[in-house]
Amino acid sequence: MSLHISAKPGEIAKNILMPGDPLRAKYIADNFLTKPKLVSSTRNIFFYTGTYKDKEITVGASGMGCPSIGIYSYELYTEYEADCIIRIGTCGAYTKKLNLFDLINVDIACSESTYAACAFGYKTDRFKHRGNAFDVINTTAKELNLDVKSGTIHSGDVFYRTEKGKPAIVKKYKALAAEMEAFALFANARYLKKSAATLLTVSDIIPTHEKISADEREKALKPMIELALEAVVKM
Ligand code: HPA
């Protein structure tokens with residue numbers, strides 16, 4: 001047990017898939033894992049452990065934003081035996097060069113967030129993925145004939161902004177898309193010398209306001225979920 005996760009020792013796998021939404025974690029467990037067991041439901045943040053193609057895997061939610069994923073990933077890395085966390089989520093594209101349903105394997109996450117400075121004294125405003133998960137995802141994508149882009153994304157603290165146009169940090173690092181969690185996950189992984197990757201599906205195009213509809217979401221996320229699971233099998 002950790003403060004925010006009630007799984008017993010040994011009930012969390014070494015490799016973890018982490019969507020933002022607890023019901024997405026349940027959907028993945030119910031539809032993709034063999035013999036999933038609910039190992040934590042503290043605050044309704046569900047964690048399930050089961051197998052995929054005989055590989056043990058945990059799928060559990062991060063909640064939204066750097067503070068939330070910061071807590072869950074830190075406890076998984078430090079109080080359980082987690083080696084690698086792959087965040088799977090959605091993002092808003094800053095550029096019309098990206099299309100709805102595109103997949104992004106995040107190379108670098110930049111942020112105005114004070115998370116890494118407050119937690120660890122880091123002065124930098126961007127962190128890279130860590131470990132081999134990023135490369136395994138790219139090679140697995142090739143084998144599955146999936147087109148996956150990689151680059152820098154922006155982990156913002158604000159979903160609803162008054163400012164028109166791109167935030168300064170997005171221009172500075174030419175960030176492709178907005179989400180809200182990868183920065184804290186990568187900062188934790190760097191500090192704790194663990195592995196972390198983030199795989200995103202483009203769910204909206206910020207300049208044109210195009211969006212994947214609520215009905216399309218489940219189907220839209222399937223390639224990302226399968227890619228992440230297949231990558232874990234190889235790790
Ligand atoms: N901003 C932040 N997070 C997101 C977005 C966005 O536009 N779309 C999906 N997740």
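Predicted model: local features only at pLDDT ≥ 70, side-chain atom pairs only at ≥ 80, totals over all residues.
**Exercise 1. Overall form of the chain**

Task: What do the secondary structure and the radius of gyration say about the chain?

Solution: 
- Step 1. The chain contains 8 helices and 11 strands.
- Step 2. For 235 residues the globule rule gives 18 Å, and the radius of gyration of the chain is close to that at 16 Å, so the chain is as compact as a globular protein of that length.
- Step 3. Along the principal axes, the C-alpha atoms fill a box of roughly 45 × 40 × 30 Å.
- Step 4. Of the contacts with a separation of 6 or more, 76% are between residues 24 or more positions apart.

**Exercise 2. Cover and surface**

Task: What percentage of the residues of the chain count as buried, and what is the accessible surface of the chain?

Solution: 
- Step 1. Buried residues make up 56% of the 235.
- Step 2. The accessible surface is about 11,200 Å², with 53% of it belonging to carbon and sulfur atoms.

**Exercise 3. Asp102**

Task: Where does Asp102 lie, and is Asp102 buried or exposed?

Solution: 
- Step 1. Asp102 sits in the loop between β5 (84-93) and β6 (103-110).
- Step 2. The relative accessible area of Asp102 is 14%; buried means under 20%, so Asp102 is buried.
- Step 3. A polar atom of the Asp102 side chain lies 2.8 Å from the backbone nitrogen of Asn99.
- Step 4. Leaving out residues up to four places away in sequence, Asp102 touches Lys149, Leu200, Thr201 and Val202.

Note on methods: Residues numbered from 1 in each chain as written. Heavy atoms only, no water. Helix = DSSP H or I, 4+ residues; strand = E, 2+ residues; numbered from the N terminus. Rg over C-alpha atoms; globule rule 2.2 N^0.38 Å. Buried < 20%, exposed > 50% of the residue type's maximum accessible area, 1.4 Å probe, protein only. Contact = heavy atoms within 4.5 Å. Areas by Shrake-Rupley, 256 points an atom, 1.4 Å probe, with all protein chains shown as cover. Polar contact = N/O pair within 3.5 Å; in protein donor to acceptor, adjacent residues only side chain to side chain.
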